[in-house]
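Let's explore this protein together, one question at a time. Take a look at the sequence and the structure first.

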Amino acid sequence: METREQSEGQSEGRSGRSAPTCAAEAPLLLVADGSADARRRLAGALRDAGYRVLTAGDEGEALGRAERAPLDAVVASVRIGPAGGLALLRALRRRLETPCILYGPGAGARVAFEAGRAGALAFVERPLPLAAELLPALGATLTAARGGAPYALRRGAERLVGGSLAMRRVRVAIRRVAARGVPVLVQGETGTGKELAALALHEESGRSGPFVAVSLPELAHGVIESELFGHRRGAFTGAIAERVGLFAAAHGGTLFLDEIGDAPAPVQMPLLRTLETRAVRPVGGAAARAVDVRVVAATHRDLGELVRRGAFREDLYFRVRGALVRLPPLRERAGDLPALAHDLLADLARGERAAPALAADAVALLARLPWRGNVRELRALLENALLWWSGAGELGRPELLEALASLEGALAPGACELAGNMLEAWRRCGWNQEAARRELGLSRSAWRSRFARLGLDAAVGRRRTTGPTSVGPPI
C-alpha cells in the first residue's frame, strides 16, 4: 500500500482552502529535503497556501523530477543528501533555469552568502511557519521568474519566451554556447524564431560589433558573393563603386546566415574559405581582409541529409555546426501559448493601446490548432484578431475565429484548412452550423470530421442555443 510520502512525491498535490487560484494554474513547486517528516510538513503547508507540490528526498531524485516536470521553483534544504543543497542548486543552474530557494535552520551567514553566490534567489533560515519568511520570498521569486522584463526590454536568452522544459533547455544552451567563439547552427521549423535565437546568442556573447542578418534565399544568385564578401569597382558589369560585404559590415559582431541549407553551390566554397581563414576576399580583389565575425547559421532543413545527397558540402557542414541549438516547434510546447500570446499582443499594441488579455476559451482554441507555421503563424493570427476586438474586455474565441476565417491563404496549411470555406460559410449563415453544412453540401459526419482532423470538434462544433452574436459563434 502506498504511503502518504510516496503519494506526495508522485502527484501534483491539491490546492488548499486558501488557494488564490485554481489547481491547474497554481505554480508547481518541488520540496527537496532529506528528512521525510520535514518535507511532508513543508509540502502540506505549501499546498494549503495554494501551490501544487512535488517532493524529493535526495539530490538525484530532485534533479530527476526537475528534468521531467516544468517546475516553477525548487525549495530545498541545505542539508539534502551528502553533497548538500548548494550542490543541488548548482546542478539546477547548470542544467535548467529553475529558480531555487534554499533553507537551513541554524546554517549561518556563511551558508547564506554561499547560497546567494551560487545563484539562489533567496535563503530562508526557517521555512515554517510559512508566513514568517518563506511565502514572501517565494512570491517574489515567482513574480520575478514569471513576469520578467517587459517584452521590448528583454535581451539575450530572455527574448525566447516560454517556461516549458524545452525552452528552458534552449535558453541554457544559448548561454553556454554564447561564451564560446565557435560558429553555431540553429535548427528548427519555419517560424520557430531562429533569428531571435541568433540575436539572443549575439547579445549573450558580449560582442561589441553589430548584429547583421541576411536570408540567403532572398539574395539573387548572380550577386550573392558580392553581397556577402563585397566587390571592387569594375569587378563586373555594373560594379561602378566598391562595395563592403556583409562579413565586413559585421566586423566585431555577429553575422546571421538564415536558411544556409539553400546556399547555392558556387557560394559554399567561398563561405568555407572565409570561415576557415577568418578573412574575406572581395569579388575582383586580390588581397583578403581579416574579419572578426561570429557566424550563426540557421536552417529548417536536415543538413546531414543534404550532405548525403551531395547538395551541401560536408566540410562546410562541419564548419558551420560548431555547436547546435535546436528550437522546438510550437506544437511540442503548447503550454507556452498563453505567455507567447501575451507577449505578442503587447508587442502588437506597441504602446498605442493596452494589450487585451486572452479569454479562457481563446486559450483553449489556440491549444487545439496544429501550428504548422509556429510562432510566426500565432503572431499573424493575433494581429488579425485585434482587428475584430472591440477595444474593451478580453480577446476571446469569437475574435480568433473571425481572424482564422479572414486569413484564408495567409496562414500555414493547417490553419488555412480551418480558415477556408467552412468558416466562411459558417459566418455567412450567422454561425448556424446546420445552414452552413447544407450550403456546402456536407453531411453531418463530414462536417464534424473536417473539424476533428484539426482537433477542433469540441472547441468549435457547438450548435447555437442562445441569441445572435455580432462578432462570432456562441461560446
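Q: How many residues are in the largest nonpolar core?
A: Keep in mind that this is a predicted model. Within the largest nonpolar core, the residues with the most contacts are Leu 228, Phe 247, Leu 255, Leu 257 and Ile 260. Counting every member, this core has 31 residues.

Q: Which element gives the most to this core?
A: Elements that give two or more residues to the core include strand S7 (211-215), strand S8 (254-258), helix H11 (265-277) and helix H13 (314-320). The top contribution is four residues, and it comes from H11.

Q: Which residues is Leu 228 in contact with, leaving aside its neighbours within four places in sequence?
A: Here, contact means heavy atoms within 4.5 Å. By that rule, and with those neighbours set aside, the partners of Leu 228 are Val 214, Leu 216, Gly 245, Leu 246, Phe 247, Leu 257, Val 267 and Leu 271.

Q: How many residues are in the second, separate core?
A: Among the members of this second core are Leu 345, Leu 365, Leu 378 and Ala 403. The core is separate, and its residues number 26.

Q: Is H7 parallel, perpendicular or oblique to H8?
A: Helix H7 (residues 165-178) packs with helix H8 (residues 194-205) at an angle of about 45°, and their axes are 8 Å apart. Angles under 35 degrees count as roughly parallel, and 65 to 115 as roughly perpendicular. The angle of about 45° therefore makes H7, relative to H8, oblique.

Conventions
Residues numbered from 1 in each chain as written. Predicted model: local features only at pLDDT ≥ 70, side-chain atom pairs only at ≥ 80, totals over all residues. Heavy atoms only, no water. Axes fitted to C-alpha atoms, helices over the stretch in contact; angles between N-to-C directions. Parallel < 35°, antiparallel > 145°, perpendicular 65-115°, else oblique. Core = buried A, V, L, I, M, F, W, Y, C linked by side-chain atoms within 4.5 Å. Buried < 20%, exposed > 50% of the residue type's maximum accessible area, 1.4 Å probe, protein only.
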